Amino acid sequence: ARSAMLEARQRISLIGWDFDTRIGLHETESDAAPTELGRFILWLVEQSPDLEIFILQWDFGIFKTVKRGTTLLRVVQWALHPRIHVKFDSVHPVGASHHQKIMLVDDGLAFVGGIDMTGDRWDTREHRHDDERRRRPFTRRRYKPWHDVTTASTGPIVDCIARLVRE
């Protein structure tokens with residue numbers, strides 16, 4: 001996700017049930033970009049004057065955001081930036097939730113799956129129980145292995161995903 005966002009030129013769309021701006025996007029190469037999601041998003045738009053970022057989160061998720069220290073501050077910073085567009089989805093039946101997890105970059109690369117950009121989700125393919133890197137973003141407490149699937153897609157299928165994202 002981090003590498004794809006670094007390559008974005010015009011638009012990044014992030015859709016999720018939950019976002020925790022304190023999570024680390026682990027470095028894959030040496031660069032000057034922040035690793036913390038909240039700072040990284042702000043950094044991206046400052047580095048690329050043509051880049052816009054659209055973020056859609058389930059509205060009930062805002063209750064978690066309020067309890068997460070700097071997360072509320074970062075979401076406010078995002079919302080105040082003229083090229084970061086933050087919306088909270090409240091258009092669903094009572095008791096239902098917004099459960100899509102999509103990242104779309106420049107309408108050409110899409111990640112679709114089951115993993116939110118939030119704490120307690122990062123893991124490796126090995127799912128080692130004692131992996132020291134698997135820690136919550138603020139308390140640094142360890143959490144159990146997490147298994148989920150996300151697909152990275154290019155080609156004609158991305159046109160369908162882009163239409164869904166724009167809706």
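This is a predicted model: local features need pLDDT of at least 70, side-chain atom pairs count only at pLDDT 80 or more; totals for chains, interfaces and linings use all residues.

Visitor: What is the volume of the largest cavity?
Guide: A cavity is a set of points on a 1 Å grid over the protein atoms alone where a 1.4 Å probe fits but cannot get out. Points are joined across faces, edges and corners, and a volume is the space filled by probe spheres set on them. The whole structure holds one cavity of 30 Å³ or more. The volume of the largest cavity is about 50 Å³.

Visitor: Which element gives the largest share of the lining of the largest cavity?
Guide: Lining residues have an atom within 4 Å of a point; here they include Phe19, Trp78 and Phe88. Helices (DSSP runs of H or I, at least four residues) and strands (runs of E, at least two) are numbered from the N terminus. Strand 2 (52-58), helix 4 (70-80) and strand 3 (84-89) each supply at least two lining residues. The largest share, three residues, comes from strand 3.

Visitor: What is the volume of the largest pocket?
Guide: A pocket is an open set of points with protein on both sides within 12 Å along at least five of seven lines. Of the 43 residues lining the largest pocket, those closest to its centre are Ala1, Leu25, Ile115, Trp122 and Asp123. Its volume is about 1,200 Å³.

Visitor: Which element gives the most to the lining of the second largest pocket?
Guide: This pocket has a volume of about 380 Å³. Among its 18 lining residues, Ile15, Leu56, Val165, Arg166 and Glu167 are the closest to its centre. Strand 1, strand 2, strand 3 and helix 5 each give two or more. With four residues, the most comes from strand 1.

Visitor: How many salt bridges does the search find?
Guide: A salt bridge is a side-chain nitrogen of Lys or Arg within 4 Å of a carboxyl oxygen of Asp or Glu. Lys101 and Asp116 make one, at 3.9 Å from N to O. They sit 15 residues apart. The search of the whole structure finds nine.

Visitor: Are Arg134 and Asp123 buried or exposed?
Guide: Their salt bridge has its closest N and O atoms 2.7 Å apart. Both lie in the loop between strand 5 and strand 6, so the pair ties together parts eleven residues apart in sequence. Buried means under 20% relative accessible area, exposed over 50%, partly exposed in between (1.4 Å probe, protein chains only). Arg134 and Asp123 are both buried.

Visitor: Why does Asp107 count as partly exposed?
Guide: Asp107 forms a salt bridge with Arg166, with 3.2 Å between the closest N and O atoms. Arg166 is in helix 5 (residues 157-166), and Asp107 is in the loop between strand 4 and strand 5. Asp107 counts as partly exposed because its relative accessibility is 35%.

Key: Residues are numbered from 1 along each chain as its sequence is written. Side-chain values use heavy atoms; hydrogens and water are left out.
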